[in-house]
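Here are my notes for your next look at this protein. Please keep the structure open while you read.

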Amino acid sequence: MKWYIGLTFGVSSPVGGTRTMFRSEAEPKKETHGDRFAGTIGPFRTKRGAKFCKEFGANNPHCQCVADAERLAKSCTLV
């Protein structure tokens with residue numbers, strides 16, 4: 001199973017939405033995950049990459065894609 005980030009949008013969060021890590025056997029589609037998320041990011045190769053994207057990926061110019069999150073998470077000691 002691969003890791004993904006689910007995006008939800010709303011006014012309850014300071015940045016207008018939340019990011020949630022989840023695992024899925026199949027690629028998330030509107031039919032399967034549309035009731036929970038407005039969009040998804042992934043798949044990530046590692047949980048560490050998904051966690052980095054969840055915590056530090058929003059509005060980060062150094063983290064533009066999944067590969068950036070994986071690379072930055074590998075070199076980061078915060079995750």
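How many helices and strands are there in the protein chain?

1. The count is 3 helices and 3 strands. From the N terminus, their order is β-β-α-β-α-α. Bear in mind that this is a predicted model.

2. Now the overall numbers. The protein chain has 79 residues, and 33% of them count as buried. Its accessible surface is about 5400 Å², with 52% belonging to carbon and sulfur atoms. Take the contacts between residues at least 6 apart in sequence: 46% of these join residues at least 24 apart.

3. Look at helix α3, residues 66–75. Its buried residues are D68, A69, E70, L72 and A73. Their cover includes β3 (39–44) and α2 (47–56).

4. Next, the aromatic rings. There are 3 aromatic pairs. F22 and F37 make a stacked one, 4.9 Å centre to centre with 15° between the planes. This pair links distant parts of the chain: F22 belongs to strand β2 (residues 17–24), while F37 lies in the loop between α1 (30–33) and β3, 15 residues apart.

5. F52 is buried, at 6% relative accessible area. F56 is partly exposed, at 30%.

6. Back to F22. Together with Y4 and F37, F22 forms one aromatic cluster. The charged end of R36 sits over the F22 ring, 5.7 Å from its centre.

Note on methods. Residues numbered from 1 in each chain as written. Predicted model: local features only at pLDDT ≥ 70, side-chain atom pairs only at ≥ 80, totals over all residues. Heavy atoms only, no water. Helix = DSSP H or I, 4+ residues; strand = E, 2+ residues; numbered from the N terminus. Buried < 20%, exposed > 50% of the residue type's maximum accessible area, 1.4 Å probe, protein only. Contact = heavy atoms within 4.5 Å. Areas by Shrake-Rupley, 256 points an atom, 1.4 Å probe, with all protein chains shown as cover. Phe/Tyr/Trp six-rings, centres within 6.5 Å; stacked < 30°, edge-to-face > 60°. Lys NZ or Arg CZ within 6 Å of the ring centre and 35° of its normal.
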